[in-house]
Amino acid sequence: MVFRRDARPAPDQIEVVIGLRATFDGNLRCDGSVRLDGTVEGGLIETLGNVLITQSARVMADINAKTVSIAGAYKGTITADRVELLEGGRLWGTINVRTFLLDEGANFQGS
């Protein structure tokens, strides 16, 4: 059985949510945006859309996405057009981006 889409979702349409009490370990690939409220313990998150790491999220995985917004804790390597490290967000790792936003009250350790 083959699954196909006639049209891709808008990059800001959230298609995947890892909930507050959920833990995920593995590779995740999708066309739409991803919202992380819970824990990601390894692997790769790859999307044509955006990744939102909320205040409650704890993420240790590599990410390839259009935009990554971090309000929680993140450790890994990000490849994206834009990374936003929001107030209260913590990032340890490497970012490969075109534009980077660092809010006051955020913590970045890496390159």
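Analyst: Let's go from the whole chain down to single residues. Before that, this is a predicted model, where local features need pLDDT of at least 70 and side-chain atom pairs count only at pLDDT 80 or more, while totals for chains, interfaces and linings use all residues. Residues are numbered from 1 along each chain as its sequence is written, and side-chain values use heavy atoms, with hydrogens and water left out.

User: Fine. How many helices and strands are there in the chain?

Analyst: Helices (H or I, at least four residues) and strands (E, at least two) are DSSP runs, numbered from the N terminus. Here the chain has zero helices and 11 strands, so along the sequence you simply read β-β-β-β-β-β-β-β-β-β-β.

User: And which strands does β8 pair with?

Analyst: Two strands pair if DSSP finds at least two bridges between them. Strand β8 covers residues 73-85 and runs parallel to β6, with three bridges joining them. One of these links Val-59 to Tyr-74 in β8. Strand β7 (residues 62-70) also pairs with β8 in the parallel sense, over seven bridges; there, Asn-64 has Thr-79 as its partner.

User: What share of the chain is buried?

Analyst: Buried means under 20% relative accessible area, exposed over 50%, and partly exposed in between (1.4 Å probe, protein chains only). Of the 111 residues in the chain, 38% count as buried. As for the accessible surface, by the Shrake-Rupley method with a 1.4 Å probe (for residues, only the protein chains shown count as cover), the chain comes to about 6,500 Å², and 47% of that belongs to carbon and sulfur atoms.

User: Let's zoom in. Where does Thr-54 lie, and what does Thr-54 touch?

Analyst: Thr-54 lies in the loop between β5 (50-53) and β6 (58-60). Thr-54 counts as buried because its relative accessibility is 11%. Contact means heavy atoms within 4.5 Å, and, leaving aside residues up to four places away in sequence, Thr-54 touches Arg-35, Leu-36, Asp-37, Ala-71 and Gly-72. For polar contacts, look for a pair of N or O atoms within 3.5 Å; within protein, one must be able to donate a hydrogen and the other to accept it, and residues adjacent in sequence count only if both atoms are side-chain atoms. A polar atom of the Thr-54 side chain lies 3.0 Å from the backbone oxygen of Leu-36.

User: Asp-37 was among those neighbours. Is Asp-37 buried or exposed?

Analyst: Buried: its relative accessibility is 11%. Asp-37 lies in the loop between β3 (33-36) and β4 (39-47), and a polar contact of 3.0 Å joins its side chain to that of Arg-35. Residues touched by Asp-37 include Val-17, Ile-18, Ser-56 and Ala-57.

User: Last one: how many aromatic pairs are there in the whole structure?

Analyst: A pair of aromatic rings is described by the distance of the centres and the angle of the planes. Rings of Phe, Tyr and Trp (its six-membered ring) pair if their centres lie within 6.5 Å; planes under 30 degrees apart count as stacked, over 60 as edge-to-face and the rest as tilted. A search of the whole structure finds one pair. The ring centres of Phe-100 and Phe-108 are 5.5 Å apart and their planes are at 50 degrees, so the pair is tilted. Phe-100 counts as partly exposed at 33% relative accessibility, and so does Phe-108 at 26%.
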